Protein chains: 2
Amino acid sequence: VPPRPPARDTATRLADTRRRLATDIDAWVATAGPDGAAPHLVPLSFVWIDDVLLLSTSGGSVTGRNLSATGRARVAVGPTRDVVLVEGTVEAVALGDLPPAEADAFAEATGFDPRAESDDFRYFRVRPERVQAWREANELAGRDLMRDGRWVER
Amino acid sequence: VPPRPPARDTATRLADTRRRLATDIDAWVATAGPDGAAPHLVPLSFVWIDDVLLLSTSGGSVTGRNLSATGRARVAVGPTRDVVLVEGTVEAVALGDLPPAEADAFAEATGFDPRAESDDFRYFRVRPERVQAWREANELAGRDLMRDGRWVER
């Protein structure tokens with residue numbers, strides 16, 4: 001067993017987390033069917049703009065339907081042993097209703113422009129209520145970096 | 001944009017998927033609250049034994065409670081651009097009720113032995129109904145490798 005690095009302090013986790021959210025584009029997006037009992041999970045591209053996680057997928061996909069029906073997502077960014085988890089409420093936005101600057105930022109960051117896809121595509125804004133980050137079990141304590149929509153004090 | 005490799009054929013995807021399930025130990029585990037609307041997602045270790053994905057977590061954690069209440073999980077293995085997704089029914093197993101050979105295999109593969117943790121830990125057997133694998137958008141067609149609990153013919 002390799003030696004385990006010490007747990008990062010809150011300031012370091014906040015800095016690491018903000019850097020990852022600002023630069024990563026791959027996320028795991030978990031949603032739930034409105035009937036309960038039916039978890040869904042797919043990889044999607046995202047961009048982080050002004051503390052909002054912006055996604056896009058087809059409105060008719062399982063994820064799109066779950067997001068529209070429940071208004072909730074839990075999104076993982078980073079690998080399993082260096083995770084950032086973002087949980088919050090979700091707002092669906094029609095392709096033409098997103099400010100062009102945000103749509104351009106999404107296309108530029110992800111290399112994928114939903115405006116060039118079928119009309120069934122939607123943007124989804126995930127407004128975080130909770131953000132967590134940890135690497136290994138020794139970082140489970142102190143993993144909450146945002147609670148009730150507010151970043152913790154460092 | 002780098003050139004996109006051609007889509008793998010079914011035989012290659014089946015071989016890649018079985019190899020990954022047999023050797024990886026990190027998974028993203030998505031569950032849903034029984035009330036609907038509440039997706040949950042955490043990284044957990046797993047081992048794949050006889051086409052069953054074996055996990056362990058605390059019975060009182062959100063994931064443990066969701067698994068017990070709904071009997072369903074969707075689990076991702078591999079990175080976002082080389083995914084294996086396993087969806088199925090879930091059976092909770094008390095620590096002392098798992099065959100020791102399976103418990104030993106779990107501890108040896110993951111480096112984590114739930115039998116050494118608090119009594120609140122449980123094993124969870126995910127019996128796959130559906131297995132999917134894809135890398136990029138050109139592999140979305142043909143992504144189903146198991147349907148209704150049966151591996152597709154290659």
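The model is predicted: local features need pLDDT of at least 70, side-chain atom pairs count only at pLDDT 80 or more, and totals for chains, interfaces and linings use all residues. Residues are numbered from 1 along each chain as its sequence is written.

**Exercise 1.** Determine which residues of helix α2 of chain B are buried, and where they lie around the helix.

*Solution.* Step 1: α2 spans residues 62–70 of chain B; helices are DSSP runs (H or I, at least four residues) and strands likewise (E, at least two), numbered from the N terminus.

Step 1: Thr63(B), Gly64(B), Asn66(B), Leu67(B) and Thr70(B) are buried, that is, under 20% relative accessible area (1.4 Å probe, protein chains only).

Step 2: Viewed down the axis of α2(B), these buried residues fall within an arc of 165 degrees, so they line one face of the helix. The arc is that of the directions from the helix axis to the C-beta atoms.

**Exercise 2.** Describe the extent of the interface between chains B and A, and identify a salt bridge in it.

*Solution.* Step 1: 33 residues of chain B are in contact (heavy atoms within 4.5 Å) with 33 residues of chain A.

Step 1: The two chains bury about 2,300 Å² between them, 68% of it on carbon and sulfur atoms; buried area is the accessible area (1.4 Å probe) that two parts lose on being put together, summed over both. In chain B, Trp28(B), Pro39(B) and Leu41(B) lose the most area to chain A.

Step 2: There are 2 salt bridges between the chains, each a side-chain nitrogen of Lys or Arg within 4 Å of a carboxyl oxygen of Asp or Glu. One of them joins Arg81(A) and Asp26(B) (2.6 Å, N to O).

Note on methods. Chains lettered and ligands numbered in written order. Heavy atoms only, no water. Buried < 20%, exposed > 50% of the residue type's maximum accessible area, 1.4 Å probe, protein only.
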